[in-house]
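Please keep the sequence and the structure in view while reading.

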Amino acid sequence: MAKIIDGKAIAKKLRGAVSEQTAILKEQSVIPGLAVILVGEDPASEIYVRNKERAANKVGVHAETFKYPSTATEAEILDKVAALNVDDTIDAILVQSPVPSQINEQKVQEGIIPEKDVDGFHPENIGRLYAGQAGYYPIANTPRGIMTMLQHEKIDLSNKHAVVIGRSILVGRPMFALLQAANVSVTLLHQYTPATLRRELLAVADIVVVATGVPDLVMGADLKPGAVVMDVGMNRLPNNELVGDVNFVSAEKVAGAITPVPGGVGPMTIATLLQTTVELAAKHHHIELEQGWQNI
Ligand SMILES: Nc1nc(=O)c2c([nH]1)NC[C@@H]1CN(c3ccc(C(=O)N[C@@H](CCC(=O)O)C(=O)O)cc3)C=[N+]21
């Protein structure tokens with residue numbers, strides 16, 4: 001049976017470290033500010049945004065949510081982003097994805113200045129990540145949180161092969177770059193990968209990251225025994241149950257370690273978002289943070 005990777009517990013540790021860092025910033029009168037723009041009335045997004053706000057306030061991050069109706073225009077959102085870009089109390093800006101179809105998401109992402117781009121979506125930040133550049137720049141929080149979990153679990157990455165399923169800017173693509181930077185050999189699959197090829201590759205994957213939105217896409221029988229499985233999926237079933245993209249019951253019999261849904265990758269995404277917000281605030285105010293993250 002696989003070890004269950006407790007994302008909730010690791011997230012709690014990380015939030016503790018974030019609190020220590022916000023305390024250091026507070027001594028210099030800096031309160032990290034996170035602005036969240038939410039367009040439309042998607043109930044799932046609203047819950048997520050509320051969770052973020054609550055978690056932020058508990059660790060000393062000031063979070064503000066700006067809500068717009070689903071009829072909001074692109075110009076309205078771009079204007080708000082422009083105002084937040086020059087707002088000195090705001091260090092990090094996040095536009096909740098997806099946005100309604102009249103708004104060009106890419107244009108909005110490019111409107112956030114790279115220094116406040118807490119999702120790591122700006123082409124400049126993505127370019128740096130893909131180029132494997134050194135130095136600090138924000139990186140998408142879900143894949144970054146997954147790297148923290150792998151590190152926390154002391155999973156040896158050297159000479160390993162990872163299969164990442166999903167090529168979104170939110171998860172798959174930055175995951176590919178981060179694993180590669182950690183010297184993992186990475187194969188990136190997506191919805192056009194034939195199922196036969198997917199199974200061939202999963203059978204030789206030491207690490208599997210799944211972010212597709214397809215329940216039961218990966219079954220225990222697909223896995224290499226002992227594989228580490230990171231499930232990013234969040235699917236609400238008709239019976240209201242929340243499940244990932246991996247069939248947990250069959251997978252936990254074959255995997256070496258696996259993240260549950262809920263309580264796995266999700267809580268780490270939020271904790272990592274707060275971590276990134278604090279880092280951006282420190283950079284904005286030219287304050288050197290202590291090397292607090294290492295204790296996670
Ligand atoms: N610009 C942008 N950045 C994002 O990071 C972003 C986004 N847009 N749009 C939506 C997705 C989704 N996402 C989640 C993060 C945490 C949980 C989470 O905390 N889940 C908990 C609780 C789930 C529950 O019980 O409802 C869990 O998995 O245990 C869920 C979903 C971030 N996203």
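The text below takes up the sheet and then the surroundings of the ligand.

The model is predicted, and in it six strands form an open sheet in the order β1-β11-β8-β7-β5-β6, with parallel pairing. Because β1 (3-4) and β6 (185-189) stand at the edges and each has a single partner strand, one side of each is left without a neighbour in the sheet. In general, strands of a sheet pair through backbone hydrogen bonds, either parallel or antiparallel.

Across β5, β6 and β7 lies helix α8 (residues 195-202), which runs at about 160° to β6.

We turn now to the ligand. It is surrounded by 20 residues, of which the closest are Ser 97, Pro 262, Gly 263, Gly 266 and Thr 269. The elements that give two or more residues to this shell are α2 (43-58), β4 (92-95), α6 (141-152) and α10 (265-284), and the largest share, four residues, comes from α10. Domain 1 (26-116) and domain 2 (141-265) each supply at least three residues to the shell around the ligand.

| Class | Number in the shell around the ligand |
|---|---|
| Nonpolar | eleven residues |
| Polar | eight residues |

Methods
Residues are numbered from 1 along each chain as its sequence is written. This is a predicted model: local features need pLDDT of at least 70, side-chain atom pairs count only at pLDDT 80 or more; totals for chains, interfaces and linings use all residues. Two strands pair if DSSP finds at least two bridges between them. Two residues are in contact if their C-beta atoms, placed from the backbone, lie within 7 Å. Axes are lines fitted to C-alpha atoms, for helices over the stretch in contact, and angles run from 0 to 180 degrees between N-to-C directions. A residue is near a molecule or strand if its C-beta atom, placed from the backbone, lies within 6 Å of it. Ala, Val, Leu, Ile, Met, Phe, Trp, Tyr, Cys and Pro count as nonpolar, Asp, Glu, Lys and Arg as charged, and the others, Gly among them, as polar. Domain bounds come from an automatic or database domain assignment.
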